[in-house]
Amino acid sequence: RGSKCWHPDDDLGRIQKAIKHVRSRLALSSKIPVMALGASSGGRMVFELGVHDPSFTSVAIQIMAVPPQAITQSFPPSIFWHMPRDRRTAGVVALDLEQLRDLNRPVLELKCDPQPLSPKFFSERTREISEETSEAIFVAPEGQGVL
């Protein structure tokens, strides 16, 4: 396929098959809760899993909204993590939250606001990244016209 993004028609069955394989291989009970997290097109996949697979006990959807009309009483407890500056997605997430709350479904909204970059940005957030590496990451885009 031309895109590297997840697509429900191509990937939903494969993901369910992979989860079944892992459960079997590790001899995990089907009663163990399953939570899915996905960002962007992965968020769409998480939504599809939440709608079509009752084994998912919760979903976390990043940087993606779902069609509010697709949300039903059986939708699993959810977290929507999005960037408010993306007004289109934020607007649909607001509708999703309203729909889920109207159905008395557990839902949480997390907002990812812009963060100022600094030479220590990465090392302050990830202990495996040294200050030297963090600074190198910070300055790398300067000559590329990215920032």
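Trainee: How many disulfides does the count come to?

Mentor: In this predicted model, the count comes to 0 disulfides.

Trainee: How do you know that Cys5 is too far from the closest cysteine sulfur for a bond?

Mentor: A disulfide requires two cysteine sulfur atoms within 2.5 Å. The closest cysteine sulfur to that of Cys5 belongs to Cys112 and lies 19 Å away, so the two are too far apart for a bond. Cys112 is likewise in no disulfide, as the nearest cysteine sulfur is that of Cys5.

Trainee: Why is Cys5 called partly exposed?

Mentor: The label applies between 20% and 50% relative accessible area. Cys5 has 41%, and therefore counts as partly exposed. Cys112, at 34%, receives the label partly exposed as well.

Trainee: Which residues form the nonpolar patch on the surface?

Mentor: Val22, Leu26, Leu28 and Ile32 form this patch, with about 330 Å² of accessible area together. Val22 is placed in helix α1, residues 8-25.

Trainee: What makes Val22 partly exposed?

Mentor: Its relative accessible area is 42%, and the label covers values between 20% and 50%. Val22 is therefore partly exposed.

Trainee: Why are β1 and β4 called edge strands?

Mentor: The open sheet has 4 strands in the order β1-β2-β3-β4, with parallel pairing. Strands β1 (34-39) and β4 (107-111) each pair on one side only.

Trainee: How do you know that β1 pairs with β2?

Mentor: Pairing requires at least two bridges. Here 6 bridges join β1 to β2 (residues 56-62), so the two strands pair.

Definitions and conventions. Residues numbered from 1 in each chain as written. Predicted model: local features only at pLDDT ≥ 70, side-chain atom pairs only at ≥ 80, totals over all residues. Heavy atoms only, no water. Patch = residues over 30% accessible without salt bridge, like charges linked within 9 Å, V, L, I, M, F, W, Y side chains within 5 Å. Areas by Shrake-Rupley, 256 points an atom, 1.4 Å probe, with all protein chains shown as cover. Salt bridge = Lys/Arg side-chain N within 4 Å of Asp/Glu carboxyl O. Helix = DSSP H or I, 4+ residues; strand = E, 2+ residues; numbered from the N terminus. Buried < 20%, exposed > 50% of the residue type's maximum accessible area, 1.4 Å probe, protein only.
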